Amino acid sequence: MLRKGIVGFGLLCLLGMGLAPPAWGQVTTATLTGKVVDEKGDALPGATVEAVNVASGFVFRVVSREDGSFTLANLPPGTYKVTVSLGNLPPQSETLELLLGHSSTVTFRLATEALFTEEVVVIGSRVVDTRSPEIATSITPEQLLFLPQRERNFINFAALAPGVYVDPREDSNRYFRGAAGSAKQVNAFVDGLSYKNDLMEGGAFMQDASRGNPFPQNAVQEFQVLTQNYKAEYEKSASAVITAVTKSGGNVLAGDFFYSYQNKDMVTLDRLSKERGFSKPDYKRQLAGLSLGGPFIKDKLHFFLSYEANRQDRFNQVFRGPQWDSARVPAALKQRLSQYPVGNIKAPFASDLYFGKLTWQPSLGATVDLSLYSRDEDERRGFGGQRVEEGAERFRISTDALVAKWSSLWGQSHFNELTLTHQEMRWFPSALGSPTPRQNYIGLLDVGSKDASQDFTQKRLGIREDLSSYFSWRGDHATKLGISANFMDYRIVKTLFPNAYYEYREAESWQYPVLARLGFGDPKLSFSNNQFGLYAQDDWRITPSLTISLGLRWDYESNMLNNDWETPAALLAAMRTACKTYSQPVGGKNRWCLTDFLDFKRFTTDGNQRDPYKGMIQPRLGFSWDASGKGTTVIYGGWGKYYDRIALNDIFDEKYRHTYKIYTFCFVPGACSSPIAWRPEYATPQGLRQIIASGQAPGPEVFLVANDMKPPRSDQWTLGVRHQLGRWLVGASYAGVRTYNLMAWVFADLPPGTSFNDRWSGQVPIPGYARAFKTSTARKTKYDAFYLTLDRPFTADSKWGANIAYTYGKAEAFGPGTDGVIFALDYTGPETFDWHPADYDERHRLVASGTVALPLGLRLSSILTLGSGTPFTIYDASRGWNNFRVRFGAGRFEKRSFLGIKEWVYRSVDLRLDWETPLFAGVRLGLSGEAFNVFNFVNEGCPGWGTGFIPPAGETNASFGKGECQFNTRRYQVGARISF
């Protein structure tokens, strides 16, 4: 359901379009520029160049200038009939297909009998942009329609781009990432509207922990994946960018209905589940949708509507932990835990996606688009593994968005685009069932109700205005200027541990907890933030063969870091008096105070020390050199700076822990500096409150954000070559990325010289508070990769097409992790950070896809995916617990073979067979059958503690090197499609 105010905002958008000055943007369009010459190659000024969209009938027309040049910009991607005419010469036409984001230069040689195109690579009727300095992969309408697709999530096809990874697991985390970085560092645009998630993980579309689809695939016409050297009009991304354009209606009423089905008999049970004694769970998934588009007024006003539904009857596997049969497990505890059901437990999922669009051409060369989008996702989840059904939650995501866009031609060389947007994204899991304390018996079972309910809401009111001009001065220039403003409101409600959380372990024979947590207070926070962006971009064609791309971008956010925060006076006073005398010297001293080593000026504020960061200045430089002079061999490269932002969820604890207090209680000597003697009455929230009232428990944890913290930034550079080999386009490139200012929470209360094994008990205690943490931006990553791509577009005459993307990459991280809210608690501080393989360091990745048209209306397509796997962390106690080491990225899963090459951890071959036949009066019936991981390769993942734990001498760990899950087993899917 659309949120309150969206209709009123739509009226405001329409009013604004009538008042807007000229502007233009390349995010959602294609461009065709060039010259008109005669048979001798002399310029033909005054020639009319007209492009008519074959589907909509929209007309775009310009006249060639004195030097014969022309520019047809702001063209919606699609197929155009381009006609050139001049005087008494007979008009000549060619049909060209223009892809999203492509800018192509063409020379039309107008003769008495024929029209010839030069300086442009055309395969079939598709114009291919070979001169761009960007590393960009186009996902075409044919690929979206015919390639194998497990759940109709258009983001999955981003995996066809080199350097991009899409999580293949079906359980959750349906997001993408690039350059071996975090998913938080990406951005995604649909019709020019950014779906950047400013609040939490997942990067875009609120995809954190979601198994759902972010947008109806039958509404997506095509999209681009930009992985390197993208231009200055793209913001808030230090990694990859997706930009998509939606479908529009045309002059012919057209639509389709699809239905896909899958049940448990079509899914193979993985080997790990068989070893655990599980049977195949009852399962059913139905995907259905429809779309309809057509004219209200022919050649003038069109509509498009789409809907997609996803219904899944799923089951999560609950199983007892590896220590269930240990003799150390008390009989009474084992008997109590035996009452909790294990095996396959029902976890239903439902999603509804809606999209509607009006497209209008009020005058020659001008277009108006107005679109609405809504998403509603609902799932029962939060349990599985050792977590029992009692801990289930209701997980929901909703999104509403409105985009109003006006674009037009201004004269012969200027183009404009104004975009007004309204968006609300919400992510809100909540507990199910009656509230009971959560009791996590590590290695056995995790019981009790869900210990958290959350509600994250992001609202955006935005305006973007762009101006583009084409002119000649010492070459040809395509200059773009743009400004954007987004007025953001964030609301967070996060209720943690209201019913208490207890953690038990084998060391105490699970008799009493090692720790407990309890939270209470006001869980609501709200923030407002204004985001502004300015950019200038010039593509300067110095000679017919050499183009330089110069860009400069500046971004500004008024409240990225909770700028008005004031450190509470009570906390400030407590920290100034915090001191401790140690029995043994630490760092050469026996007595330390917090004031000795914590920079109070940097980590505390009275509301005036935290100014908005103004340094997000991002120069970008690219070049392309057409070595062949015909666009068939192009050398390209670039360098640039790219700023992202800090997710609010990473830093909000600074304020949140003072309005909603979370207490941690420690009951085991050695696990903390001041353990509390366990008593049975502490097993309830009321009992824990008694500890607080008695003054025994440390207060809430302290989180300190640096006033001068900078947002994440990456430096990127590229050098590559593209070459046309017949119908094949071959590309080879080197890509380098260095990412800086990545945040982590580190200990703020440890004196210099604290040993690794004393990091949990050697702190300077703050009276009335628990542990203290501060932000550090010392984390950084480096990524070097070689990309090899081969593309042969599918055309009607060739009957087949193929795409291959191979990535050889190496990613290293300085400090822990690359995703999630990072706590660097396996280091004593940033001064002990080291370089190691990054979480997403995958050395080899190969993705190949292809489609071939067969006789009798059949079409076969396939996707092959091979990955050498990412590392896991080793927890090494082989030299004893006193010499315990954490070795990030030191472990690798077992490599397996494909076609004799034993290099792969992930392997999948997916197939799809389509058959289509006409029925009556333009109505067509299509049937499809799909097989995913057709050879049922074992794909191992989900590393846990046991995966990387090396026990002390004399002990064994049978789980070492083994993942806690296996995913993407062989499965089949059938479907039907009726179109007209």
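This passage walks through the overall build of the chain and then its disulfides. The structure is a predicted model, so a pLDDT of at least 70 is needed for local features and 80 or more for side-chain atom pairs to count, while totals for chains, interfaces and linings use all residues. Residues are numbered from 1 along each chain as its sequence is written, and side-chain values rest on heavy atoms, with hydrogens and water left out.

Let's start with the whole chain. The protein chain has 11 helices and 58 strands; these are DSSP runs numbered from the N terminus, with helices being H or I of at least four residues and strands being E of at least two. The radius of gyration is 30 Å, which agrees with the value near 30 Å that a compact globule of 980 residues would have. That radius is taken over C-alpha atoms, and the globule rule is 2.2 Å times the number of residues to the power 0.38. Along the principal axes, the C-alpha atoms fill a box of roughly 100 × 60 × 55 Å.

Taking contacts (heavy atoms within 4.5 Å) between residues at least 6 apart in sequence, 72% join residues at least 24 apart.

Now for the cysteines. With a disulfide taken as a pair of cysteine sulfur atoms within 2.5 Å, the count comes to two. One joins Cys579 to Cys593, with an S to S distance of 1.9 Å, and this link is right-handed, with 105° about the S-S bond. Cys579 sits in strand β36 (residues 579–586) and Cys593 in strand β37 (residues 589–593), so the bond ties together parts 14 residues apart in sequence. Cys579 is partly exposed at 25% relative accessible area, whereas Cys593 counts as buried at 14%.

The other disulfide joins Cys942 to Cys965, S to S 1.8 Å; this link is right-handed too, with 70° about the S-S bond. Here distant parts of the chain are linked, 23 residues apart: Cys942 lies in the loop between β55 (940–941) and α11 (945–948), and Cys965 in strand β57 (residues 965–966). Cys965 counts as buried, at 17% relative accessibility.

Definitions and conventions:
Buried < 20%, exposed > 50% of the residue type's maximum accessible area, 1.4 Å probe, protein only.
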